[in-house]
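Please look through the sequence and the model below before reading on.

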Amino acid sequence: MTTLIWILIIALFLLSFIGLIFPLVPSVLVLWGGFLLYAFALDGEPLSLWFWIGAALLTIVMLVADLIAGQYFVKKYGGSKWGERMAAVGVIVGSFVYPPFGIILVPFALVFVTELLSSKDTKHAGLVAVASFLAFLSSTLAKFIIQLLLIIWFTLEVMI
């Protein structure tokens, strides 16, 4: 039974990384599912209070990363509120359209069209669309690094 639980924990950790490409998979919740499965299903050493506090704080950083990156890049390049909203809608819709390419192309196209309709300036619309793409990449990279850090920390907690 212990082996099966460890297989599930590892599968949840791997699934959390898939959630970076397919946002419909809630990567943070899946990652926490692995932590909680260990805590409640195995009779091993409990995870330290510092781990739980650190994991909670890093989870908050992960959740905020999308909002901050999206708003920062789109605002920095003069994007509209509708451009920001379309970037978020594009990520959701894009995860259904030829993943993982849809998650890149659909938000880019939606932001471009939205900003073009708003400003009538192709250069501006292209710049804001590229900014939304950079926001997606930077937040995904930040979440990847934080998830990897949490998994390494978890592994060290379990092994030591």
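## Helix 4

In this predicted model, helix 4 covers residues 81-94, a run of 14 residues that reaches 19 Å from its first C-alpha to its last, which is close to the 20 Å expected at 1.5 Å a residue.

The buried residues of this helix are Gly 83, Glu 84, Met 86, Ala 87, Gly 90, Val 91 and Gly 94. Seen down the axis of helix 4, these buried residues fall within an arc of 165 degrees, so they line one face of the helix. An α-helix has 3.6 residues a turn, so residues three or four places apart point the same way.

## Pro 26

Pro 26 sits in the loop that lies between helix 1 (2-21) and helix 2 (27-41). Pro 26 and Ser 16 are separated by 10 residues in sequence, and their C-alpha atoms are 7.2 Å apart in space.

## The chain as a whole

The protein chain contains 6 helices and 0 strands, and its C-alpha trace spans about 65 × 30 × 15 Å along the principal axes. Among contacts with a separation of 6 or more, 67% join residues 24 or more positions apart.

Of the 160 residues in the protein chain, 38% count as buried, while the accessible surface comes to about 9,300 Å², with 79% of it belonging to carbon and sulfur atoms. The protein chain carries 7 positive and 7 negative side chains, and the centres of these two sets lie 20 Å apart.

Key
Residues numbered from 1 in each chain as written. Predicted model: local features only at pLDDT ≥ 70, side-chain atom pairs only at ≥ 80, totals over all residues. Heavy atoms only, no water. Helix = DSSP H or I, 4+ residues; strand = E, 2+ residues; numbered from the N terminus. Expected span 1.5 Å × (residues − 1). Buried < 20%, exposed > 50% of the residue type's maximum accessible area, 1.4 Å probe, protein only. Arc of directions from axis to C-beta. Contact = heavy atoms within 4.5 Å. Areas by Shrake-Rupley, 256 points an atom, 1.4 Å probe, with all protein chains shown as cover. Lys, Arg positive; Asp, Glu negative; His and termini not counted. Charge placed at Lys NZ, Arg CZ, Asp CG, Glu CD.
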